[in-house]
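Please examine the model shown below, together with its sequence.

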Amino acid sequence: MLRLLEREMPVIQITLLKGRTLEQKRKVAARVTDALVEEAGANRAAVTVTFVEVSKEDYASGGVLLADKQ
């Protein structure tokens, strides 16, 4: 089981506001993967990056929805 987990890790989930382009996401995924390979010795093929896009109505900071902030 440990071998399986070693091959499938790390998994990085990035939550951000909607509106990034496909090219921006490509660059972020590549840079995050590069950092994990270079700094943590991760296996490049095992790095998984997922993006979760939320709207300003679905994200709050300090108890206030971003949609309600100026």
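The protein chain has an average pLDDT of 90, and 89% of its residues score at least 70; pLDDT is the predictor's confidence in each residue, on a scale from 0 to 100. Among the elements of the chain, the lowest mean pLDDT, 54, belongs to helix α1 (residues 2–8), and the highest, 97, to strand β2 (residues 48–54). Helices (H or I, at least four residues) and strands (E, at least two) are DSSP runs, numbered from the N terminus. Where pLDDT is low, the predicted coordinates should not be read in detail.

This is a predicted model, in which local features need a pLDDT of at least 70 and side-chain atom pairs count only at pLDDT 80 or more, while totals for chains, interfaces and linings use all residues. Residues are numbered from 1 along each chain as its sequence is written, and side-chain values use heavy atoms, with hydrogens and water left out.

Across the whole structure, a search finds 3 salt bridges, each defined as a side-chain nitrogen of Lys or Arg within 4 Å of a carboxyl oxygen of Asp or Glu. One of them pairs R26 with E23, whose closest N and O atoms are 3.4 Å apart. Both residues belong to helix α2 (residues 22–40) and are separated by 3 residues, about one turn of the helix. R26 is partly exposed at 48% relative accessibility, and E23 is partly exposed at 41%; the category lies between buried (under 20% relative accessible area) and exposed (over 50%), computed with a 1.4 Å probe on protein chains only.

A salt bridge also joins K25 to E53, with the closest N and O atoms 3.3 Å apart. K25 is part of helix α2 and E53 of strand β2, so this pair ties together parts that are 28 residues apart in sequence. E53 is partly exposed, its relative accessible area being 33%.

R44 and D34 form a further salt bridge, with a distance of 2.9 Å between the closest N and O atoms. Because R44 lies in the loop between α2 and β2 while D34 lies in helix α2, the pair ties together parts 10 residues apart in sequence. R44 is partly exposed at 45% relative accessibility, as is D34 with a relative accessible area of 27%.

Finally, S55 occupies the loop between β2 and β3 (60–61). With 15% relative accessibility, S55 counts as buried. Leaving aside neighbours within four places in sequence, S55 is in contact with L17 and K18, contact meaning heavy atoms within 4.5 Å.
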